[in-house]
Amino acid sequence: TTSIRRIFFSTRWVSLTMGFVLVTLIFGYFEYYSTGQDYVNQVGGVITLIFVLINFILMYPYFYFLLNWLDPSRIVDRLLRDTIESHKMKSNAKQKEIEYKQKCCLRLIDLLSDLARRETEARSKNVSFLVVDSMITFCYEYVETKNSKPDGWYTITREILQTPDFISLSESMTESLEKYRVWIEYKIQRQFLSLYRTGLHGGTKDICFLVVTHTRSLAVKAMQTLDLQLLDLCIKFFNTYLRESIHSKDARVAFTTMDEYRKLCELILSLASFIKFGNNEHLHQVPKESQKKRTQQS
């Protein structure tokens, strides 16, 4: 794709190699036309031969680097690193820098999502699974560091509202995402929903299982960080997954989605009962001596 080509040509090793080849061609061109029947620039000829020799020497490491760079796992890892770096900023960052970071982050998330969708449609499980795993890894890292970001990061600008994932949102929903600071998580969940639908309609069904599994793990992460708004968002998307699987009449995907949903609900209920029991124990703690007396009287 265009974005991958841009990343490739922005790599330092590629830029240096291409630049050196270009310099060699330009120098050889001028050397050729500056040489006549009565005049031969011996120094220029020697320099040209040295440049050509260096180019031949660089061919092996360049093609070795190229083959390694084209490895899908390395491309996904590189995109993941760029996506994680795209949302890192200082707490006193200016609004222009924040908006630029927002654009970069959304662009890289869309790039990962498009790559996963294409591989899912082609029934390539390995690459699509790698991309989905990288997206949830980014989400984990973002959830852990989201409280350190400036307030301007959580403002949904007009350019963000013009993107396909946000253009259909109502004003109340937009205000809710800004208030509860979950617009990046909403973006990730929208990409998961798109992959879920792709897996249901023509793609590999295993991507649906991976999506619901990662959605449950993200909800668990929200519980660990006490991010109840993110937990509520995951529950809403679980309901959407169930609706999509029921409409497509896919019993296997619906059963797996319901099973992951059940595990999440059991965990929430067990945690709620644990908190309630702990509060009761703290509030109604009876001394040991009074407990002994009560047992003797009974």
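User: Are Phe237 and Tyr241 buried or exposed?

Analyst: Both are buried in this predicted model. Buried means under 20% relative accessible area.

User: Why is the pair of Phe237 and Tyr241 called tilted?

Analyst: The ring planes stand at 50°. Stacked needs under 30 degrees, edge-to-face over 60.

User: Where do Phe237 and Tyr241 lie in the chain's helices?

Analyst: Both sit in helix α11, residues 228–247. They are four residues apart, about one turn of the helix.

User: How many aromatic pairs are there by this rule, and which residues do ring pairs link into a cluster?

Analyst: The count is twelve. The cluster includes Phe237 and Tyr241, along with Phe138, Tyr142, Trp153, Phe166, Trp183, Tyr186, Tyr196, Phe238 and Tyr261.

User: Why does Gly45 count as partly exposed?

Analyst: Its relative accessibility is 24%. Buried requires under 20% and exposed over 50%, so Gly45 falls in between. Gly45 belongs to helix α3, residues 42–69. Thr35 is ten residues from Gly45 in sequence and 9.4 Å away in space, C-alpha to C-alpha.

User: What span does helix α4 reach, and what is expected?

Analyst: Helix α4, residues 72–86, has 15 residues. Its first and last C-alpha are 21 Å apart, close to the expected 21 Å at 1.5 Å a residue.

User: Which residues of α4 are buried?

Analyst: Ile75, Val76, Arg78, Leu79, Leu80, Thr83, Ile84 and Ser86.

Key
Residues numbered from 1 in each chain as written. Predicted model: local features only at pLDDT ≥ 70, side-chain atom pairs only at ≥ 80, totals over all residues. Heavy atoms only, no water. Phe/Tyr/Trp six-rings, centres within 6.5 Å; stacked < 30°, edge-to-face > 60°. Helix = DSSP H or I, 4+ residues; strand = E, 2+ residues; numbered from the N terminus. Buried < 20%, exposed > 50% of the residue type's maximum accessible area, 1.4 Å probe, protein only. Expected span 1.5 Å × (residues − 1).
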